[in-house]
Amino acid sequence: MASAAAISRTPGGPGPAESEVACGWRCPEHGDRVAELFCRRCRRCVCALCPLLGSHRDHPVGLALDEAARVQKLTQQCLKQLEIKKQQEVGNRRQIEDAAEKLKAHAESSKIWLAGKFTELRLLLDEEESMVKKFVDKSTQHTLQVYREQIQACGEQIDLLNSLSNRVWSISQEPDPVQLLQEFTATEQEMKQQMTLGELCHPVPQSFEPIKSFFRGLTEAMQRTLQKPLDVRLKESRRNSMSQGPESEGRT
C-alpha cells in the first residue's frame, strides 16, 4: 500500500506505476489475482473476486487507486490540521511561559509590598508601645507627686503634734498654778483642735489594669485571628468583600 499512495489514475489504461502495483500486490485470499480493490468494511486490499465469491462478498469496495487518492487528500488535510494544532500549542506554551514570568515578578513585588506593610505594622506597634509606656510614666509621676505631698503633710502634722506634746508636757510639769493656768489657757484652743483624731489617710491607688486589660484583649483577638490558616482568612475576607458589594470595594 505504500506504493499505491503515490499512484494517480491516468485515462486510457494503466500506466507504469499502476502496472508495478498490479504486479507487486496480490490478493491474500486469491493469490494469483491482483489486489486492485479496497474493502471499506474490512479496511484491506482485495481482488475483484473477493466481493463476489470470497469472504468479502457484498462488502462495500472501491478501486484501490481511488481510495489511495482519497487517503492522500486526508493525509494532507491531517498534516495541515496538525500544523495548526501545533502552532496553537506553541502559542499556548508561550502564553503560559509569559504568565509564569509575570507571576514570578508579581510574587516578588507582592513580597516587597508585604514587607513594607509589616514594617509599618511593627512601627505602629513600637509607637503604640512607646506611647503607652509614656502614659504609664506620666500617670506614675503624677500619683507619686500626690503621694509626696501627702507624705510631706503627714510629716508637718507629726512635727506639729510633737511640738504641742512638748508644750503640753511642760505645762503639766509647771509648779506655779497661775503660770500653769496662763500657759494652759494660751494653749487650750490648740489642744482642743488636736484632741480630735484626724481621718486616716488612704492613698488613692494608681492601677494600670484597664490598660493591661485593653491590650490583653487586643492581643487575644489578634491571636485568634492569626491562629486560623491563612487560606481560611483570605476566603473569609473575599466573602465579606462580596457581601458588602462593589461600593465597599471602591472605598477600599
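A: **Salt bridges**

A search of the whole structure finds 11 salt bridges, a salt bridge being a side-chain nitrogen of Lys or Arg within 4 Å of a carboxyl oxygen of Asp or Glu. The model is predicted, so local features need pLDDT of at least 70, side-chain atom pairs count only at pLDDT 80 or more, and totals for chains, interfaces and linings use all residues. Residues are numbered from 1 along each chain as its sequence is written, and side-chain values use heavy atoms, with hydrogens and water left out. Side chains of opposite charge can pair when their charged atoms come close.

One of the pairs joins Lys117 to Glu120, at 3.6 Å from N to O. Lys117 is partly exposed at 34% relative accessibility, and Glu120 is partly exposed at 42%. Here buried means under 20% relative accessible area, exposed over 50%, and partly exposed in between (1.4 Å probe, protein chains only).

Glu129 and Lys133 form another pair, with their closest N and O atoms 2.9 Å apart. These two are also in helix α2, and because they are four residues apart, about one helical turn separates them. Both are partly exposed: Glu129 has a relative accessibility of 41%, and Lys133 has 48%.

In helix α3 (residues 177–195), Lys192 and Glu188 are four residues apart, which means about one helical turn between them. Their side chains meet in a salt bridge of 3.5 Å, N to O, and Glu188 is partly exposed, with a relative accessible area of 26%. Elsewhere, salt bridges with shared partners link Arg40, Glu67 and Arg70 into one network.

Helix α2 spans residues 64–172 and also holds Phe118, which is partly exposed at a relative accessible area of 46%.

As to confidence, pLDDT (the predictor's confidence in each residue, from 0 to 100) averages 85 over the protein, and 87% of the residues score at least 70. Helix α2 has the highest mean, 94, whereas helix α1 (residues 16–24) has the lowest, 44. Over residues 1–23 the pLDDT stays under 50. Where pLDDT is low, the predicted coordinates should not be read in detail.

Methods. Contact means heavy atoms within 4.5 Å.
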